[in-house]
Amino acid sequence: MGNFDVVVVGAGTGGSYASYLLAKAGLNVALVEMKKRDKVFKTTGDAIGIHHIERMVIKPPSQVFTIRYEGAELYSPDLSVRYVVLGKGFGLDMARWAQWLIGEAESAGAQVFDGYKVQGPIIENGKVSGVRVLKPDGTVEEFRAKVVIDASGVGAVVRSRLPREWWVSEPLLPEDASNAYREIIEVDYEIERPEYIRIYLDTNIAPGGYWWLFPKSRNTMNIGLGLWGKLSEEQGLNPRHNYDKYLATSQYVKGRKIIHASGGIVPTRRPLPSLVADGFLAVGDAAVTVNPVHGGGIGPALLSAELASKSVIEAFEKGDYSMRGLWRYNIEYLRAYGIKQAMLDVFRLMLQTLTNDQLNRGLRARLLTEDEVLEISEKGSLELSLVDKLKIGLRLMKVPDVAAKLRLALRYMNEAKSLYESYPTDPSGLSSWYGKLVSIYREYASRLGISLKWLLNT
């Protein structure tokens, strides 16, 4: 039996970074990863905003970057409208990124157990006190710790096995996820403007989502699509099928040579009711910290790992590893990112109800300008002067049906913001607060004309 201060499950971005921070603080950390360390690789769009890199306390080496981005181009379904939204970032070599982070965690003092598969949590007296792991030799061992961090990705191998009545164990439903498939390919032409990632809205190719083309060099790209999990569940839609039907034979992949192909599930929803329980925290995809609109998860994984680590270090200083003792993580996460995430979730649901015709007309009328799109993306809100409101009002008159949905979304985004700003300061107020959240979403979903299972089950 192994005894540690902290057991971190999953050596991806969030898990490795949290392990580095905790080990650097002097804690005895076990980083447990089911794959061999040289096989750790996450299927993503491979892009990260520069502000996330600048926030890190360790600076990545140049070899983990493949390209520098200057912004994004957003296209209407009929390709007649192109938005250029500025925002600096990087493309990552995910394999090198993973190996670098694992190495940093180990250098800081974390013990890396690769090839160890976590079977589930150890729960004693109502708190998490460790995990059971299947070792490479086929035997099972208990790894005991005062705190367990689940950073195992969307599968959330620890969080999903916690008692259902715990706030942190709220399941990820298809309606709150995107099913994605992507290929990293080499093409036989020179990609124009490789410094811009491209996002294409098209409800035929990617219903309830979008398809993307992220250049990685002059002749390599990450190209793929994500579609609304709700539609996959209800209509049997498959992202690989749509990729083969619409993208694999398109002009964009001329001369295509596949370097890597993979798919997965991306959580795109509001924050969990709580990111903590007694002796437990979740980070990254395991904590559903992904941006609900564009699906970016690498930056939020780093941020959640940083804030979770601060909470854990404070818990050790005070000797309090309870839900109350770890509650700081909830507060700081919402302040730093979660409120924006909740507002973007509201916006996401509205976007998923729009048809190609509505998207074309709305973008053509420029209901939102590039700057306004950037503001919503960065802040999750839109703060307008009286003059700006009048200008938007004139634009809205051109497409009243789309305008009505936009107004509805902006209204409920503000309601979500107000509610999350009043998130309880300790666990005792969570039940009452959650009831208000359900009420807001129930009213919003009704007005959008959609059915959400999580509301029916509440």
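How are α9 and α12 oriented to each other? Here are my notes, point by point.

1. Some ground rules before the details. This is a predicted model, with local features needing pLDDT of at least 70, side-chain atom pairs counting only at pLDDT 80 or more, and totals for chains, interfaces and linings using all residues. Residues are numbered from 1 along each chain as its sequence is written, and side-chain values use heavy atoms, with hydrogens and water left out.

2. Back to the opening question. The axes of helix α9 (residues 356–364) and helix α12 (residues 400–421) come within 9 Å and cross at roughly 85°, so α9 and α12 are roughly perpendicular to each other. Helices here are DSSP runs of H or I with at least four residues, strands are E runs of at least two, and both are numbered from the N terminus. Axes are lines fitted to C-alpha atoms, for helices over the stretch in contact, with angles from 0 to 180 degrees between N-to-C directions. Angles under 35 degrees count as roughly parallel, over 145 as roughly antiparallel, 65 to 115 as roughly perpendicular and the rest as oblique.

3. In that pair, Q358, R361 and G362 of α9 meet D401, V402 and K405 of α12 (contact means heavy atoms within 4.5 Å). By class, the residues are one nonpolar, two polar and three charged. Ala, Val, Leu, Ile, Met, Phe, Trp, Tyr, Cys and Pro count as nonpolar, Asp, Glu, Lys and Arg as charged, and the others, Gly among them, as polar.

4. Now α6 (residues 298–318) and α8 (residues 328–351): their axes come within 9 Å and cross at roughly 150°, so this pair is roughly antiparallel. The contact has eight nonpolar, two polar and four charged residues.

5. The largest nonpolar core has 134 residues, and V6, V7, W97, F143 and V312 have the most contacts inside it. Its largest share, 12 residues, comes from α8. A nonpolar core is a set of buried Ala, Val, Leu, Ile, Met, Phe, Trp, Tyr and Cys residues joined through side-chain atoms within 4.5 Å; buried means under 20% relative accessible area, exposed over 50%, partly exposed in between (1.4 Å probe, protein chains only). Leaving out residues up to four places away in sequence, V6 touches V312 and F316, among others.

6. V187 is in contact with M221, Y252 and V253, among others, with neighbours within four places in sequence set aside. V187 sits in the loop between β10 and β11 (196–200) and is buried, at 4% relative accessible area.

7. Two backbone spots to look at. L79 has a positive phi of about 65° without being a glycine, in the loop between β4 (65–75) and β5 (82–92); at 46% relative accessibility, L79 is partly exposed. A156 also has a positive phi, near 45°, in the loop between β9 (140–150) and β10 (177–186), but A156 is buried at 1%.

8. Last, I50 in helix α2 (residues 50–55). I50 is buried at 16% and touches R68, K88, G89 and F90, not counting residues up to four places away in sequence.
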